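Hello,

As promised, I am passing the structure on to you. Please have a look at it below, and then read on for my notes.

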Amino acid sequence: MSRIGKKVIIIPQGVVVDLQAQHILVKGPKGALERDIHPNIAVEMKEGKLFVSRAGETKMDRSLHGLTRALVANMVTGVTDGFMKALELTGVGYKAQVQENALILQVGYTHPVLFPLPDGISVSAEIKKAVTSQVSYYVIKVEGRDREAVGAFADRVRKVRRPDPYKGKGVKYAGEIIRRKAGKALGKSAGK
């Protein structure tokens, strides 16, 4: 039995779960999420708790058991608390701002990079501190009720300018450790 799949999902106060055949709808204070469930997986509600079970013992069924339980648990968490990813933007002249449902980044290209915000996603960008007079340090917070959408949007923003291993400038996740490389070393002939 799947260790993750056999865990019970407790439905908190204020959350409504609607199960119809192979479709689940979860409503809460932060909105509603819905998802189709694979035919080999069953979700049952008893006494304010959700139980996920599988039909057979094939490798596919075992894989889907834990996956479905995690997805349903993320739906319940998303409509109650929501999810947040924080990104850090560091570099000379790098800027981040939010204007009218779009995130605008200036990350060393000749033009600003525009990201339209998907439905259910909110973004805030604030300057934390100026490292020097030119190097700035921004924190971009991506928030929403759908964990997949929050992670996908944060990943798209990070891919615009991945962190540089030499100087450390670029967009990285908060708490991410970038392995730094040493710059060019002087050769033997430099001392002559």
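This is a predicted model: local features need pLDDT of at least 70, side-chain atom pairs count only at pLDDT 80 or more; totals for chains, interfaces and linings use all residues.

**The chain as a whole**

The protein chain contains 2 helices and 13 strands. Its radius of gyration is 22 Å, while the globule rule gives 16 Å for 192 residues, so the chain is more spread out than a compact globule. Along the principal axes, the C-alpha atoms fill a box of roughly 80 × 45 × 25 Å.

Of the 192 residues, 34% are buried. The accessible surface comes to about 12,200 Å², and carbon and sulfur atoms account for 51% of that area. If you count contacts between residues at least 6 apart in sequence, 53% of them join residues at least 24 apart.

As for charge, there are 33 positive and 18 negative side chains in the protein chain. The centres of these two sets lie 14 Å apart.

**The strands**

With strand β12 (residues 135-144), β7 pairs in the antiparallel sense over 10 bridges. Within that pairing, Leu 87 has Ile 140 of β12 as its bridge partner. With strand β13 (residues 170-173), β7 again pairs in the antiparallel sense, over 4 bridges; here Leu 89 stands opposite Val 171.

There is also an open sheet of 3 strands, ordered β1-β6-β5 with antiparallel pairing. Its edge strands are β1 (9-10) and β5 (41-46), each of which pairs on one side only. β5 and β6 (residues 49-54) are joined over 6 bridges in the antiparallel sense, and Glu 44 stands opposite Phe 51 of β6.

**Asp 61**

One residue I would like to point out is Asp 61, which is found in helix α1 (residues 59-80). Is Asp 61 buried or exposed? Its relative accessible area is 5%, and because buried means under 20%, Asp 61 counts as buried.

Which residues is Asp 61 in contact with, leaving aside its neighbours within four places in sequence? They are Asn 40, Ile 41, Arg 54, Ala 55 and Gly 56. Ile 41 lies in β5 (41-46), and Arg 54 lies in β6 (residues 49-54).

For a sense of distance, take Asp 61 and Gly 108: they are 47 residues apart in sequence, and their C-alpha atoms are 48 Å apart in space.

Best wishes

Definitions and conventions: Residues are numbered from 1 along each chain as its sequence is written. Side-chain values use heavy atoms; hydrogens and water are left out. The radius of gyration is taken over C-alpha atoms; the globule rule is 2.2 Å times the number of residues to the power 0.38. Buried means under 20% relative accessible area, exposed over 50%, partly exposed in between (1.4 Å probe, protein chains only). Contact means heavy atoms within 4.5 Å. Accessible areas come from the Shrake-Rupley method with a 1.4 Å probe; for residues, only the protein chains shown count as cover. Lys and Arg count as positive and Asp and Glu as negative; His and the chain ends are not counted. The place of a charge is taken as NZ of Lys, CZ of Arg, CG of Asp or CD of Glu. Two strands pair if DSSP finds at least two bridges between them.
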